[in-house]
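I opened my notebook to get to know a structure that is new to me.

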Amino acid sequence: MAGRFAPRPTRTTVRGGHVAVPANASGGVPRQAIAPGHTRTWTPPWPVDLGLVLGPLRRGPGDPTFRATPDGAVWRTTRTPAGAGTLRVSARGGVVRGEAWGPGSEWLLEQLPEMLGSADDPDAFEPRHRLVAIARHRRPGLRLMRTGLVLESLIPSVLEQKVTTDEAYRAWRLLVRKFGEPAPGPAPERMSVMPAPRTWALIPSWEWHRAGVDNKRASTILRAVRVAGRLEEAVGMEPGAAQARLELVSGIGPWTSAETVQRSHGAADSVTVGDLHLPGIVGYALAGDRDADDSVMLSLLEPYAGQRHRAARLILLSGRTPARRVPRMPRGDIGRL
């Protein structure tokens with residue numbers, strides 16, 4: 001019965017990179033008539049689950065750079081080496097269709113297969129625990145994406161340092177909508193492209209404050225965008241070397257670098273350490289130890305060496321999480337001060 005019914009999304013499975021993408025059994029709803037952008041069709045030799053593969057790119061339900069629409073498509077905006085771009089991806093009958101607009105459209109379509117996991121090798125993964133095996137069976141469309149872009153994952157990861165996810169998502173939403181640019185093409189309403197590095201560097205201090213971003217995180221982002229070119233070069237490195245380069249920037253540690261290369265590189269082994277909840281979730285799922293720390297988590301994941309991030313994602317997608325014993329971390333808003 002494990003694969004007969006799709007598991008219902010929970011807070012834990014959503015954190016594992018699950019986005020509900022509506023089915024498109026009837027061909028979808030009509031879209032606004034507009035001059036077509038560049039298009040590409042691609043037929044991958046595996047089942048495609050857009051919500052699972054692209055889910056980690058969404059930073060909250062109001063993310064202005066990501067949208068799943070009722071016609072079964074996923075839209076995303078980003079800033080490519082060629083400029084801003086909007087991408088619409090849909091999958092039907094085993095065929096993926098990509099449409100893109102803006103200066104970065106051709107770059108986005110060229111990267112489409114890797115963004116949907118063509119560079120990933122899920123067959124290299126061998127489950128060592130029953131829970132992990134069941135989660136893998138239930139999620140046959142899980143593949144690790146490779147965006148080939150660093151800053152688009154690094155900046156929101158810095159915003160997520162040591163605050164609640166709601167606070168981080170709000171900051172990302174406010175800053176991108178205010179300082180980004182309108183999404184090229186017929187993107188859904190209120191979608192925007194993240195600001196260019198120079199624009200991030202020119203954001204006034206009071207705007208960071210209004211978005212609820214403290215000086216430490218804002219300063220880290222400012223240091224990163226000053227060397228944006230060098231950080232983007234890390235895409236051509238192995239994940240470990242890429243993490244080491246990112247961590248040369250003061251304020252970027254193992255947690256932030258891992259969260260970044262998991263998306264930019266499709267790094268199957270870059271497990272997130274220093275997380276408030278992940279060690280307890282992994283410890284509880286694999287050993288019944290809800291008080292596990294990073295060292296215990298890494299020990300439990302040792303049988304998955306080379307694939308530890310994939311194992312952690314499958315554990316999150318299983319939805320098995322310990323019951324909460326303490327109140328949730330209070331949400332702060334320095335913008336009110």
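**Entry 1: the whole chain**

I noted at the start that this is a predicted model. I looked up the secondary structure and found 16 helices and 7 strands. Then I checked burial: of the 337 residues, 51% count as buried. The protein exposes about 15,800 Å². Carbon and sulfur atoms supply 52% of that area. Residues 24 or more positions apart account for 69% of them.

**Entry 2: the sheet**

In what order do the strands of the open sheet run? I read it as β1-β5-β4-β3-β2, with antiparallel pairing. That makes 5 strands in this sheet. The edge strands are β1 (38–42) and β2 (66–68), and each pairs on one side only. From one strand to the next, the twist averages 20 degrees.

**Entry 3: β3 and its two partners**

I followed β3 (residues 74–80) next. On one side, β2 and β3 pair in the antiparallel sense over 3 bridges. Alanine 68 stands opposite valine 74, and the bridge partner of phenylalanine 66 is arginine 76. The hairpin of β2 and β3 has 5 residues between the strands. There, glycine 72 takes a positive phi near 85 degrees.

How many bridges join β3 to β4? I found 7, and these two strands run antiparallel. β4 covers residues 83–92. Tryptophan 75 stands opposite arginine 88 in β4. The hairpin of β3 and β4 has 2 residues between the strands.

I then checked cover. β3 is mostly covered, with 6 of its 7 residues buried.

Is α16 enclosed or open? In α16 (residues 308–318), 10 of the 11 residues are buried, so this helix is largely enclosed by the rest of the structure. I listed some of the buried residues, including Arg308, His309, Arg310 and Arg313. Leu314, Ile315, Leu316 and Leu317 are also among them. Glycine 319 follows α16, and its phi is positive, near 80 degrees.

I turned to α14 (residues 278–287). This helix is mostly covered, with 8 of its 10 residues buried. Among the buried ones are Pro279, Gly280, Ile281 and Val282. α14 is followed by glycine 288, with a positive phi near 70 degrees.

**Entry 4: α6 against α13**

I looked up how α6 (residues 151–159) packs with α13. The angle is about 145 degrees, and the axes are 9 Å apart. The crossing is right-handed. From α6, Ser153, Leu154, Ser157 and Val158 take part in the contact. They meet Trp255, Thr256, Glu259, Thr260 and Arg263 of α13.

**Entry 5: glutamine 262**

I stayed with α13 (residues 254–264), which holds glutamine 262. Is glutamine 262 buried or exposed? Its relative accessible area is 9%, and the cut-off for buried is under 20%, so glutamine 262 is buried. What lies 2.6 Å from a polar atom of its side chain? I found the backbone oxygen of serine 270. Leaving out residues up to four places away in sequence, glutamine 262 touches Met145, Ala267, Ser270, Val271, Thr272 and His309. His309 is also one of the buried residues of α16.

Notes: Residues numbered from 1 in each chain as written. Heavy atoms only, no water. Pairing = 2+ DSSP bridges. Helix = DSSP H or I, 4+ residues; strand = E, 2+ residues; numbered from the N terminus. Axes fitted to C-alpha atoms, helices over the stretch in contact; angles between N-to-C directions. Buried < 20%, exposed > 50% of the residue type's maximum accessible area, 1.4 Å probe, protein only. Polar contact = N/O pair within 3.5 Å; in protein donor to acceptor, adjacent residues only side chain to side chain. Contact = heavy atoms within 4.5 Å. Areas by Shrake-Rupley, 256 points an atom, 1.4 Å probe, with all protein chains shown as cover. Left-handed = near helix turned anticlockwise from the far one by under 90°.
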